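Thanks for coming, everyone. I'll keep this brisk. Have a look at the model first, then we'll walk through it.

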Amino acid sequence: MAKRLWILALVVVLIASGVFGCSKPAPPSGGGDQQPESSEAPQFDGEILVGIMVPVTGSEATYGQDMENAIRIAADEINAAGGVLGKELKFTLGDDGCDPQMCTAAASKLVSSEVVAVLGGYCSGATIPALKIYGDAKVPFVILAANSTQLIDENPGWAFMINSPGYHQADAAADCFEKLNVSKLALVHQGDGFSENLAELTREEWQGRGHEVVAYDVVNKGEQDFSSLVTKIRSSGAEGVYWTAYHADGAQLIKQLRQGGYTGEIVVADGSSSIQLLEIAGAAGEGVYCTSPPVVEFLPAAQQFISAYNKKYNQQPGPYAGLSYDGTYLLADAIERAGSTDPDAIRDALAATDNFKTLSGTIKFTPENVLEESNFIIIKGEGGKWVLVE
Amino acid sequence: MKDKQTCLQTAVDKKAKKVNNPFVELIDRFYVLFDNKKVRYSVLAAALAVLLYLPMRTSMYFMEVMTNVWFHVVVCLGLNIIVGFAGLLSLGYAAFFAVGAYTTGILILHYGVSFWLTLPVSVLMAIIAGLAIGGPTLKLRSDYLAIVTLGFGEITRLAARNLDITGRATGLVGIERPTLFGMAMVKINHFYYAFLVLAVLAIFISYRLQDSRLGRAWKCIREDEDAAEAMGINVVAARLLAFIIGSVFGALAGSFMAIKMTAISPESFLFTQSVMILLAVVLGGMGKIPGVVLGALAVVVFPEVFRGIGKYRMLIFGAVLLVLMIYRPQGLWPERHT
Amino acid sequence: MSLQEIVIQQLFNGLLLGSFYGLVALGYSMVYGIIKLLNFAHADIYMVGGFCSLTILTFFGNTFIGNRWLGIVISMLITMIIVGLLGVIIERVAYKPLRNAPRLSLLITALGVSMILYNSVMVITSGEYRAYKTGLGYEGFSIGSVFVTHTQAILIVAAVALMFVLHLFITRTMYGKAMRAISMDLDCCRLMGVNVNKIIALTFFVGSMLAASAGMMAGVYYGSLHFFMGFVIGIKAFTSAVIGGIGVIPGAMLGGLLLGLLESFGTQIPFIGSEWKDVFSFSILILILIFKPTGLLGKKESERM
């Protein structure tokens with residue numbers, strides 16, 4: 001019996017460290033409980049509790065962690081400058097795991113810890129069920145990254161999207177392809193709500209402009225081999241491929257498209273704007289375009305934020321760090337303008353936001369609580385890095 | 001051959017008895033006590049009173065988790081009928097509650113049918129699904145059956161993802177919540193009670209089934225198919241019924257899930273979901289109703305309790321599972337063989 | 001591309017994909033044949049193989065510059081041994097104590113092992129994708145507009161060679177004979193003086209070795225690794241093993257190739273398209289099992305002996 005236990009312990013240790021331990025040291029953990037390092041802490045008159053709802057486990061954990069980090073940097077700055085309404089901004093985390101069921105548990109958890117407002121929302125599919133919960137509980141919700149058009153239809157009025165919705169992106173993509181002189185387009189999505197929605201919007205936009213969609217295909221999540229799809233795309237005579245899903249599989253697709261002898265243009269959507277796309281795709285990533293959300297790297301106003309992020313977390317901010325940082329400031333500003341933590345007042349203040357200046361541009365909402373102007377930019381892979389295309 | 005194996009088995013059992021520590025024996029003694037009808041009913045009544053009272057005292061989050069527990073109790077008991085009672089290994093159970101959830105969702109969203117009227121349709125669809133999966137596969141050996149059910153599960157999910165009527169990858173969004181006796185079901189407490197009622201019903205029906213003629217037929221088939229056939233049991237009919245009843249449990253739970261979530265998408269019916277349910281059934285103790293309930297409780301509550309440890313959560317879950325199975329392979333609360 | 005060229009290209013795609021499936025399916029089939037266990041952890045062994053080889057490759061990074069294939073071959077051999085041993089340890093710790101337990105408990109144990117494996121890799125890699133850089137280019141040869149890179153050609157040859165060696169091992173050696181005998185009757189073998197525990201351990205060693213080699217090939221070919229990469233291929237390989245007749249070694253290879261071809265041609269079918277590809281494969285699986293309930297090469301046997 002004891003012997004068996006020993007072997008068990010041995011194996012757990014072996015698995016955990018021995019076999020492949022040195023592939024890369026894990027980055028320091030999120031630093032969720034780090035206190036702001038200020039020499040003289042300002043005096044606060046109570047605290048304002050805000051919920052963060054992002055995935056910190058599961059396949060999309062990297063993005064969620066990145067968003068949480070950015071929110072905490074913004075909060076440290078706000079608190080160092082005296083907080084909101086003289087109160088300290090504090091956070092509690094709800095992990096939605098990018099899964100609808102976990103999302104309802106996380107949203108309920110935040111509501112029952114009586115948060116004043118919620119920041120977050122990365123996966124559209126795992127944000128939709130939360131809309132109703134926050135609406136019923138009257139909690140203002142600033143959606144930082146999720147941007148499926150479904151969110152607009154399901155919004156009971158308490159959510160505000162600060163990332164441009166899908167139709168802005170479809171528009172940006174169509175513009176990009178027209179500039180590249182493409183007329184036969186192949187669309188590939190990954191069979192989830194977000195990427196299918198974007199592919200569908202792009203198809204409508206592209207056909208509406210009088211062009212042809214020659215292939216409309218799906219890659220199942222987790223598959224590694226796309227060679228037969230590549231052959232299909234090649235045989236359809238497509239001049240441009242638009243990948244509407246995420247970076248990891250996107251990199252695979254780009255690689256295999258080039259490997260399979262495809263020579264046309266490739267454009268990827270915002271879920272693929274991570275630098276990891278270029279790292280994994282290697283040489284095949286050269287000349288790939290991307291319709292990207294406002295990534296901080298390309299924003300002149302964001303240099304200070306980037307260095308703060310670097311200093312605190314010892315890594316580069318990810319694609320949604322900028323929006324998360326902006327959203328935190330937006331919410332703080334709205335609470336300040338509302339003059340209290342009354343939910344109705346905060347909601348009205350958010351809705352009344354008029355050209356609020358942020359890193360990624362100015363924020364003004366339509367009556368549907370969606371950004372008025374598109375904030376998409378076009379970037380291109382060059383020399384293993386993303387560069388801004390004018 | 002058979003004799004030799006039983007002989008070996010008894011030898012192993014004897015060995016296992018010796019190494020049992022007092023703690024495990026104490027738990028087992030409690031189980032035996034619980035099998036006494038009087039004790040069981042009084043314990044159950046007390047538990048039910050606490051459960052009914054809970055929503056008045058606890059937070060919304062706790063209610064959400066408990067509602068999820070009741071949902072899992074229903075689906076696990078449904079799968080228990082297929083796997084535990086009839087001994088048919090199924091790896092595609094998520095397909096059954098997908099059938100229920102989508103039937104309800106489509107009827108409410110596209111045809112404006114009242115939720116309560118969708119339930120009989122849901123049951124009907126579940127019967128059809130049970131027949132479709134059970135029918136062609138009855139002659140297969142158990143492991144082949146496992147892969148076929150897996151295949152059916154995947155086909156159901158992919159069809160839901162590709163068809164327009166099921167809302168493709170986005171799924172169905174904005175399913176209207178019903179009213180009950182003029183009261184709108186909107187709060188989590190309402191769903192807590194709804195799923196609690198479903199769970200109690202499922203437990204009751206499972207007990208009745210277990211002791212019924214059909215239940216005894218299943219048990220007989222599970223132990224020895226040829227002998228069962230020789231005794232005049234209609235093996236094909238009994239197995240089909242297991243699939244059908246199991247699928248009805250799943251579909252009803254799925255229908256209620258659809259109105260609770262108000263949005264369903266193919267991602268809620270992944271293979272991993274089926275595996276989690278199977279895990280709950282086997283972990284608790286196949287074929288033993290209190291065991292299955294315990295298993296359902298464990299798979300829902302464990303990850304929630306250990307949410308604090310973040311990414312190590314599932315790792316520890318796996319390790320606990322492994323250790324549990326090595327030291328207690330028959331499940332937490334196994335069926336007693338007399 | 002002409003129709004003919006499309007067919008040839010898809011045929012090639014299918015063969016390559018199928019040889020990956022086949023390599024992983026062999027492990028499922030061998031383990032099933034010998035202890036009647038659906039080893040869910042097998043797909044994760046494939047994934048661990050990929051990561052392990054990447055670690056070794058990075059570790060020896062400087063030594064092998066300029067000798068890309070030499071580096072790959074050496075780290076592949078080391079990976080196969082390490083991961084093979086991991087397979088043996090898993091069997092010893094998790095499966096052996098349960099040899100007489102109900103079969104479903106064994107299945108759940110396998111699930112537990114699978115969870116431990118992929119979650120530990122997730123923790124170590126923080127859930128990120130890792131680029132697998134080998135410095136291999138896209139040079140290749142084309143026949144008409146059918147394009148084949150050298151890497152692809154070498155991988156197919158390697159996979160087929162591995163399968164052939166395994167086939168020889170099973171049919172020609174003493175150990176292979178012992179494995180086949182155990183799959184027929186374990187208790188009888190024990191009485192006849194076969195060291196059953198040793199042979200079962202050996203089976204896990206060989207099966208894990210093959211999965212690890214497939215994992216490494218996937219890394220080399222697809223260029224990235226992820227802790228969840230075993231999941232889909234695990235289901236597909238399991239399907240392949242069943243199509244061919246689980247427990248039958250040539251069946252696993254045949255099933256793998258067949259499924260690979262089905263998928264690549266399934267993508268190309270007009271009006272159905274790639275979204276129905278898996279529905280197509282699983283439907284064929286179900287049809288095969290309905291008409292030939294033990295798989296293509298499976299022998300007829302009743303459940304009871």
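One term before we start. By a nonpolar core I mean a set of buried Ala, Val, Leu, Ile, Met, Phe, Trp, Tyr and Cys residues joined through C-beta atoms within 7 Å. And please keep in mind that this is a predicted model.

So, how many residues does the largest nonpolar core have? It has 340. Val74(B) and Val24(C) have the most contacts inside that core. For background, nonpolar side chains in soluble globular proteins tend to be buried together.

Take Val24(C). Leaving out residues up to four places away in sequence, Val24(C) touches His42(C), Ala43(C) and Tyr46(C), along with Ala211(C), Ala214(C), Ile233(C) and Ala237(C).

Now chain B. Its secondary structure is 14 helices and four strands. Along the principal axes, its C-alpha atoms fill a box of roughly 60 × 50 × 40 Å. Of the 338 residues in chain B, 49% are buried. Look at contacts in chain B with a separation of 6 or more: 78% of them join residues 24 or more positions apart.

How about confidence? Chain B has a mean pLDDT of 84, with 91% of its residues at 70 or more. Which element of chain B has the lowest mean pLDDT? That is helix H1, residues 2–19, at 48. The highest belongs to helix H5 of chain B, residues 94–111, at 93. Residues 1–12 of chain B sit below 50, and this stretch has five contacts in the model beyond near neighbours in sequence. Residues 14–19 of chain B also stay under 50.

Next, where chain B meets chain C. Chain B gives 40 residues to the contact and chain C gives 39. On the chain B side, the elements giving two or more residues are H1, helix H7 (142–162), helix H12 (271–284) and helix H14 (313–327). H7(B) gives the most, with eleven residues. That side of chain B divides into 29 nonpolar, five polar and six charged residues.

Last, chain A. The domain assignment gives domain 1 as 47–164 + 299–363, and domain 2 as 167–292. Their centres, over C-alpha atoms, are 29 Å apart. Eight residues of domain 1 and nine residues of domain 2 make the contact. The domain 1 side has one nonpolar, seven polar and no charged residues.

That's my tour. Over to you.

Note on methods: Residues are numbered from 1 along each chain as its sequence is written. Chains are lettered from A and ligands numbered from 1 in the order in which they are written. This is a predicted model: local features need pLDDT of at least 70, side-chain atom pairs count only at pLDDT 80 or more; totals for chains, interfaces and linings use all residues. pLDDT is the predictor's confidence in each residue, from 0 to 100. Two residues are in contact if their C-beta atoms, placed from the backbone, lie within 7 Å. A residue is buried if 20 or more other C-beta atoms lie within 10 Å of its own, exposed if 12 or fewer, and partly exposed in between; C-beta atoms are placed from the backbone. Domain bounds come from an automatic or database domain assignment. Ala, Val, Leu, Ile, Met, Phe, Trp, Tyr, Cys and Pro count as nonpolar, Asp, Glu, Lys and Arg as charged, and the others, Gly among them, as polar.
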